[in-house]
Amino acid sequence: MGRVQAAQQISEDRELKEIDLSGWNCVTRPEGTSRSPDTSERNRLKSRSPIDLAGVKVPSFDTAGFLRHVGPWDAQSNGKRRKEVSPQDKQKLEPMEKQIVSLTGYMGLAYPGPPESTNCSSVDFHDWHMEIFEKPPDHPPQPGDPTPIICEITPRTQNAVYRDGIRIQQLTAFFRRSDVTYESTGHKAAKVRITGYLLWDDEHNSAKDVGTTIQTLGRSKYHNPWRSTAWEIHPVLKIEKLDGSSPQIQNSPPPATPEGSPSPDKTSTPPVVPAEATPVATSPPPTPTPVPTPTPQRYVTILRQVKIKIPYGETILQRGMRLPVISHDAQTVTVDYMGKKQVIPIASTDLR
């Protein structure tokens, strides 16, 4: 992740969405627009693609366990950058950065990342930053607060996370706007399990960035230090919400017998029906109601930016977004954005 001055343009995105990577000039450039070997190496690690996690043995850590896991390297690196690592130490670093691990904690803060060389300096195709804490925070970052562990969704892994039903605004307690101010989402910090690749982000391995407690708020509005370690989960491959999940379906209990009646005995003799008993008339079985076949959801891709009104102000539907179509006419299309209907010009989409 690259921290920038507040004046630099940052995406106005407020939520995960499905994005069309075919319109991204960086999709075939995992090294991005790097200008040095160490930056190219770091960018390629950040640009790893989603994989099928079925059958993969994934070590799981809470925040304290994660810090213990990377602690020996943190002590050894002591402010170093990737280009300063010796060949002997590189042999220790490389296996660590191939690990896929899970981190369990509370998502206290999230925000879209700034343009950076990994993503060819794109504003629209950016990382999503999530700050994970041992305990759920009840206010935005300020001096005296503990620092988090950083996890990042990348443009290459965003669609997979989005299709899993993950929505940032529902999981994080606080959201950072593009002007580096904070707002409450109206939700408590959710307890989550985040799975992805270990990455040593040596760009942020100085005492200014790394520490156990926030010391200052700078003129740029950023807080320092702002992270517990230079190690991240980056890219994030999967997010699971651990609290407030739906209960598992249990097997139905056997039908209860009338109160005071003995349970049927498999060996008992069935009751005898007198031969002269009058048959009881039965109604014909009801005709089953046909179940309609679901119609596949239709989506529309945004080709030109569209500004829309939302409950907390305005936002921009960025080029490349794919949104479910509710209806359309010759001039407009009604789409579903974050559970709300939005009417946009049809000329801004690929719907014809």
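In the predicted model, the contact between helix 2 and helix 3 brings His69, Val70, Trp73 and Gln76 of the former against Asp89, Lys92, Leu93 and Met96 of the latter. By class, this contact comprises four nonpolar, two polar and two charged residues. Two packed helices are described by the angle between their axes and the distance between the axes. For helix 2 (residues 63-77) and helix 3 (residues 87-96), the axes come within 12 Å and cross at roughly 150°. Because angles over 145 degrees count as roughly antiparallel, helix 2 is classed as roughly antiparallel to helix 3. The crossing of helix 2 and helix 3 is left-handed.

Helix 1 (residues 37-46) is largely enclosed by the rest of the structure, because seven of its ten residues are buried. The buried positions of helix 1 are Asp38, Thr39, Ser40, Arg42, Asn43, Leu45 and Lys46. These buried residues of helix 1 pack against strand 8 and strand 11 (231-241).

Asparagine 205 is located in the loop that lies between strand 8 (191-200) and strand 9 (216-217). With a relative accessible area of 9%, asparagine 205 falls under the 20% cut-off and is therefore buried. Leaving aside residues up to four places away in sequence, asparagine 205 touches Ser77, Gly79, Lys80, Trp200, Val210 and Ala230. With regard to lysine 80, a polar atom of the asparagine 205 side chain lies 2.8 Å from the lysine backbone oxygen.

How values were computed:
Residues are numbered from 1 along each chain as its sequence is written. This is a predicted model: local features need pLDDT of at least 70, side-chain atom pairs count only at pLDDT 80 or more; totals for chains, interfaces and linings use all residues. Side-chain values use heavy atoms; hydrogens and water are left out. Axes are lines fitted to C-alpha atoms, for helices over the stretch in contact, and angles run from 0 to 180 degrees between N-to-C directions. Helices (H or I, at least four residues) and strands (E, at least two) are DSSP runs, numbered from the N terminus. Angles under 35 degrees count as roughly parallel, over 145 as roughly antiparallel, 65 to 115 as roughly perpendicular and the rest as oblique. A crossing is left-handed if the near helix is turned anticlockwise from the far one by less than a right angle, and right-handed if clockwise. Contact means heavy atoms within 4.5 Å. Ala, Val, Leu, Ile, Met, Phe, Trp, Tyr, Cys and Pro count as nonpolar, Asp, Glu, Lys and Arg as charged, and the others, Gly among them, as polar. Buried means under 20% relative accessible area, exposed over 50%, partly exposed in between (1.4 Å probe, protein chains only). A polar contact is a pair of N or O atoms within 3.5 Å; within protein, one must be able to donate a hydrogen and the other to accept it, and residues adjacent in sequence count only if both atoms are side-chain atoms.
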